[in-house]
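Okay, hi everyone, thanks for coming. Have a look at the screen, and I'll talk you through a few spots.

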Amino acid sequence: MPPTDVTGLLQKWTAGDKSAIDQVTPLIYGELRKLAHRYLRRERRDHTLQSTALVHEAWLRLVDQTQAKWRDRAHFFAVSGHMMRRILVDHARAQHRDKRGGGAEVLVLDEAIDLPRQRSLQLIALDDALVDLARLDARQSQVIELRFFAGLSIDETAEALGVSKATVNRDWITGRAWLLRELDRRGPVV
Amino acid sequence: MGDRRPSEGLDAGQWGRIREILESALGLVPELRAAYLDEACAGDDGLRSEIESLIAASERSAFLDRAPLPSLTPTMTINASGAGRTIGHYRVVDRIGEGGMGTVYKAVDPRIGRTVALKVISHLGGSGDEKLRFFREAKAASALNHPNIVTIYEYDSDHEVDFIAMEYIKGMTLHAMLAEHRASLETLLEYAVQAGGAVAAAHAAGIVHRDLKAANIMVTDTGTVKVLDFGLAKQAGGDIEVTRTGATLGTPAYMSPEQVKGEPADSRSDIFSFGVILYEIACGRRPFHGIDLPSTLYAVVNEVPLAPDAVNPAVPRPLASVIERCLRKNKEERPQSMDSVRAELSKVFEQLGRGGQPSRGTPRRKIIAGAAFAAAALAAGIWLPRWHPQRTFTWTILAQQMRDGQPLGAEYVASPADTFHAGWRLRFRAQSPQPGFLYLIDRGPGAKGADQLWLLYPRQPALAAAPKVVTGWSVFDQSGTDRLWVLWSDHPIELLLNLLRDSPTGEVRDPASVRRILDYLTRLPPAAATSTQNGVQLRAAGDVLGASIELRHQ
């Protein structure tokens with residue numbers, strides 16, 4: 001995939017072409033999965049992998065840096081944050097299911113492939129809570145997703161969602177309080 | 001967890017109102033909040049307690065603030081199942097696992113309609129001759145035609161991809177089985193006897209496994225053990241590294257000291273690794289487990305694990321004894337043949353089965369009682385950790401008022417929920433029926449608000465396991481809230497003891513170390529806490545019991 005394709009699509013999207021998002025999403029998703037897989041094969045057990053590091057690397061690989069504008073980056077990261085949430089939470093859920101007695105056909109399972117149990121429970125709980133928060137305030141849930149899963153700053157989040165920084169800040173502070181309390185209520189998380 | 005809908009009845013409109021007040025309250029310094037809430041909530045107690053709980057939650061945890069969140073351990077497996085692909089003349093049906101040496105697929109040999117497990121070797125280097133030798137060794141083990149050794153059909157390569165076709169086994173690894181805590185000690189011992197027989201047969205034929213571990217032992221649905229990957233360790237890469245001198249490394253937690261040191265591994269190295277598996281079976285945890293690779297390797301070479309029957313009193317002494325001997329650092333001191341190990345195990349197994357009288361108390365009765373309890377618990381749908389005996393310890397805070405650096409009155413037993421005055425001194429008392437190691441870690445506001453940790457206890461690196469500990473005094477001289485972790489471990493925690501090497505005062509400022517320790521602490525499994533006369537009692541099945549509390553000073 002030549003980098004310019006993604007760059008061009010991002011710019012169309014930034015310029016207001018909503019259909020561009022449908023074209024760019026699978027490209028980003030594919031790259032994130034590929035990168036994650038490569039990292040995971042290469043790095044052994046004493047390494048850790050950060051989701052934001054992945055998102056950054058995907059950005060560098062897919063997008064022509066000389067052409068891209070700052071706003072494109074915000075849009076790119078917005079998509080990536082959502083994807084990383086999906087990839088991580090799916091993995092955590094699958095793993096959790098396996099622990100409960102599936103997995104009879106697993107022939108050789110390396111010990112290193114587990115998310116720490118605590119982390120996978122955290123991720124699942126967070127994902128559930130975000131779904132509930134979205135029912136109360138969809139944008140607030142999105143703000144948390146972008147800041148947490150893609151590591152976006154307040155400024156970048158504002159740019160990606162097309163709202164003011166003050167709004168993002170307010171959404172973040174109160175949404176965070178709500179989530180932390182929910183996670184507390186749903187079980188021992190942190 | 002799932003069926004209690006949080007914030008039941010809360011709708012978007014109500015949340016809008018709550019968040020407006022919440023936002024203003026969070027914008028105020030804590031001292032002004034109460035007055036503001038008095039006014040804003042105007043006597044609506046429900047609203048007020050809702051907001052107060054939100055404020056408390058938002059100040060309690062930093063979970064969401066470490067934005068670049070989940071550090072994943074490697075190998076989040078995301079690739080597709082590979083179904084439909086062909087490797088050699090095999091048609092892949094599904095991907096069934098990822099091991100140190102590569103990916104394992106379930107595949108069909110269409111020529112004879114046989115289902116096979118196809119192991120694709122990712123790191124097999126070397127010339128054609130070396131590869132052939134590698135395969136020959138694997139094949140030789142398989143050719144023993146032992147019922148407990150997995151059969152290898154063929155070795156081939158397809159476009160530079162080397163693979164081994166072997167017997168497809170429907171079952172579960174011992175590793176997965178141990179993680180589930182479901183099988184009884186007797187059952188697990190029976191598997192160990194079978195596995196021991198397989199390894200003994202291979203040794204008799206001059207073949208050393210070199211990477212024995214729980215994940216390399218499969219148990220079929222009918223209870224037959226199959227040992228995998230004989231001889232493969234020698235040349236394949238992945239988890240297993242081949243050093244320049246040709247010595248081999250296995251999987252760290254199961255490696256023998258001589259493997260760690262890069263010396264040649266013979267059959268007695270397998271006996272050591274087998275001892276690690278036996279220890280895991282008996283105690284529910286591994287004998288050597290550092291927090292990272294270097295500390296694990298260090299433990300393998302230098303540390304003597306707690307006796308198996310000290311970790312789990314239900315382990316009969318003869319079993320504990322054979323495990324201890326397998327785990328001797330010096331290979332000359334280990335049992336010299338796998339066959340003798342197997343024989344000892346089957347004797348222990350028979351004694352268990354006959355209700356015989358292994359020394360030390362009446363473990364048989366304990367085991368039966370345990371099994372009956374387990375069965376009852378399973379019937380009741382309770383998830384029951386198996387061999388870990390419940391560990392328990394009780395701790396409490398002793399506090400003493402101070403004025404101008406002088407004690408004022410007698411020390412008293414405080415509740416963790418108390419608020420203390422800055423300058424008072426505190427110490428901690430911990431006791432447990434099992435010996436253990438106490439660790440106290442404090443996280444509080446350091447200079448310039450930097451995140452800082454203190455290891456309050458121990459202050460000397462080598463403190464023996466004791467059933468009761470009273471720490472020295474600590475003075476908390478700043479007002480504010482500290483978070484305190486109290487850990488009771490059945491083994492020394494290297495990560496924490498290392499701190500004392502770098503910082504004799506126990507103070508940790510280096511952000512990377514702070515992060516590493518917090519990461520460790522947040523991963524500890526939760527323990528159940530109850531208040532008793534002697535303090536807070538914690539119970540859990542793990543090897544490290546931990547509690548975290550807030551200590552308030554004003």
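Quick housekeeping. This is a predicted model, so local features need pLDDT of at least 70 and side-chain atom pairs count only at pLDDT 80 or more, while totals for chains, interfaces and linings use all residues. Residues are numbered from 1 along each chain as its sequence is written, and chains are lettered from A and ligands numbered from 1 in the order in which they are written.

Back to B:Ala42. You'll find it in the loop between α2 (30–41) and α3 of chain B.

B:Arg210 counts as buried, because it has 25 C-beta neighbours inside 10 Å.

Now the chains. Chain B has 15 helices and 21 strands, and buried residues make up 40% of its 554 residues.

What about contacts? Two residues are in contact if their C-beta atoms, placed from the backbone, lie within 7 Å. Take the contacts in chain A with a separation of 6 or more: residues 24 or more positions apart account for 69% of them. In chain B, that share is 63%.

Next, the cores. A nonpolar core is a set of buried Ala, Val, Leu, Ile, Met, Phe, Trp, Tyr and Cys residues joined through C-beta atoms within 7 Å. Which residues touch the most other members of the largest one? Those are B:Leu118 and B:Val227, in a core of 78 residues. Helix α6 (residues 185–204) of chain B gives this core its largest share, 12 residues. There is also a second, separate core of 52 residues, and it includes A:Leu10, A:Ala58, A:Leu179 and B:Leu54. As for B:Val227, if we skip residues up to four places away in sequence, the ones it touches include B:Ile149, B:Val150, B:Ala195 and B:Val199.

Last topic: helix packing. Two packed helices are described by the angle between their axes and the distance between the axes. Axes are lines fitted to C-alpha atoms, for helices over the stretch in contact, and angles run from 0 to 180 degrees between N-to-C directions.

Look at where the chains meet. Helix α8 (residues 165–186) of chain A and helix α3 (residues 45–60) of chain B have axes that come within 8 Å and cross at roughly 90°. That makes α8(A) roughly perpendicular to α3(B); angles under 35 degrees count as roughly parallel, over 145 as roughly antiparallel, 65 to 115 as roughly perpendicular and the rest as oblique. On the α8(A) side we have, among them, A:Trp178 and A:Leu180, and on the α3(B) side B:Leu54 and B:Ile55 are included. The residues of this contact divide into six nonpolar, two polar and four charged. Here Ala, Val, Leu, Ile, Met, Phe, Trp, Tyr, Cys and Pro count as nonpolar, Asp, Glu, Lys and Arg as charged, and the others, Gly among them, as polar.

Helix α8(A) also packs with helix α6 (residues 138–149) of chain A, at an angle of about 90° with the axes 9 Å apart. α6(A) is therefore roughly perpendicular to α8(A). By class, this contact has five nonpolar, two polar and four charged residues.

How values were computed:
Buried ≥ 20, exposed ≤ 12 C-beta atoms within 10 Å, placed from the backbone. Helix = DSSP H or I, 4+ residues; strand = E, 2+ residues; numbered from the N terminus.
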